Amino acid sequence: MAIIPDGKLYIGTSGWSYSNWKPAFYPPELKSADFLSFYAKQFQTTELNSSFYNFPLAKSIDKWLHTTPDNFRFCAKLHRSITHYKKLVDVKEELLKFAGRFEGLKPKLGQILIQLPPSLTFNRETVLVFYDLLMETMPGFSFSLEARNTSWYDEESLELMSDYNIANVIADAGKRFPLSNAVTANDVYIRFHGREKLYASEYDTEALEEYAEAIKIYLEDGLRVWVFFNNTMYGHALNNAITLKELVKM
């Protein structure tokens with residue numbers, strides 16, 4: 001059985017607040033307000049998709065912090081005003097606001113996920129300014145970048161990600177999103193979106209076995225690995241996450 005170093009592997013799902021996960025995962029009588037504490041007994045991490053749409057309130061941050069165990073980690077998606085509306089340009093105010101909201105969650109914060117729209121192409125000048133601004137406004141935070149345009153996987157872009165220790169997101173979604181397995185940081189970030197049907201199809205054991213072997217190599221190389229299943233419809237994300245955890249330990 002593989003020995004996994006503490007704090008090096010985190011496997012979970014993209015979000016936890018899904019009423020259709022009853023009764024297969026959440027007990028029928030469980031209130032939605034208690035979903036997170038129940039989820040955190042089974043998994044050590046989750047993605048915060050809500051932070052893409054709204055800057056979280058202080059009371060939400062406080063609840064997330066105090067209803068999860070010490071070894072639990074959140075990965076928060078950067079707000080869409082930065083990535084989709086302003087497309088990384090002139091975003092200092094928004095970055096400072098985002099950093100301010102999440103400062104209190106830092107003890108349990110993993111990666112900040114920068115998800116880019118398909119229309120946004122790589123531009124060196126824009127990206128350099130943005131990366132410098134990230135380092136200036138959000139010191140102490142760690143970042144992963146999921147691009148939806150192939151231009152971001154050119155050598156120049158990947159080298160910049162390495163220079164700034166920004167992890168390339170390995171996005172498994174069939175042919176819907178571009179896929180690059182490049183390792184550009186001390187962290188590896190993998191997102192499973194569903195191959196046949198986006199967010200709705202299950203990964204078979206063979207596909208998960210391949211990723212399990214790759215994850216073991218990442219861990220042997222001393223990297224920290226984050227894995228999130230975004231195929232949340234019909235409970236597939238839960239089943240796949242549990243299966244992958246078991247496969248990596250084999």
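Let's start with a definition: a residue is buried when its relative accessible area is under 20%, exposed when it is over 50%, and partly exposed in between, using a 1.4 Å probe and protein chains only. Keep that one handy, everyone.

Now, the ground rules. This is a predicted model, where local features need pLDDT of at least 70, side-chain atom pairs count only at pLDDT 80 or more, and totals for chains, interfaces and linings use all residues. Residues are numbered from 1 along each chain as its sequence is written, and side-chain values use heavy atoms, with hydrogens and water left out.

First, the whole chain. The protein chain has nine helices and eight strands; helices (H or I, at least four residues) and strands (E, at least two) are DSSP runs, numbered from the N terminus. Its C-alpha trace spans about 50 × 40 × 35 Å along the principal axes. The radius of gyration, taken over C-alpha atoms, can be set against a globule rule of 2.2 Å times the number of residues to the power 0.38. For 250 residues, a compact globule would come out near 18 Å, and the 17 Å of the protein chain agrees with that.

How much of the chain is buried? Of the 250 residues, 54% count as buried. Contact means heavy atoms within 4.5 Å. Among contacts between residues at least 6 apart in sequence, 72% join residues at least 24 apart.

On to salt bridges. By that name I mean a side-chain nitrogen of Lys or Arg within 4 Å of a carboxyl oxygen of Asp or Glu, and the count here is eleven.

Is Arg-124 buried or exposed, or something in between? At 38% relative accessibility, Arg-124 is partly exposed, and Glu-156 is partly exposed too, at 37%.

Glu-136 and Lys-92 form a salt bridge, with their closest N and O atoms 3.0 Å apart. Glu-136 has a relative accessible area of 49% and is partly exposed, while Lys-92 is partly exposed at 40%.

Lys-86 and Glu-94 form a salt bridge at 3.3 Å, N to O. Lys-86 is partly exposed at 29%, whereas Glu-94 counts as buried at 16%. There is also a network of salt bridges linking Glu-47, Glu-146, Arg-148 and Arg-191.

Let's go inside, to Thr-83 in helix 4 (residues 80–85). Thr-83 is buried, with a relative accessible area of 0%. Which residues is Thr-83 in contact with, leaving aside neighbours within four places in sequence? Among them are Phe-52, Leu-78, Ile-114 and Leu-120. The side chains of Thr-83 and His-84 are also joined by a polar contact of 2.7 Å. A polar contact is a pair of N or O atoms within 3.5 Å; within protein, one must be able to donate a hydrogen and the other to accept it, and residues adjacent in sequence count only if both atoms are side-chain atoms.

Finally, please find Met-233, in the loop between strand 8 (224–229) and helix 9 (236–249). Met-233 is partly exposed, at 35% relative accessibility. Thanks, everyone!
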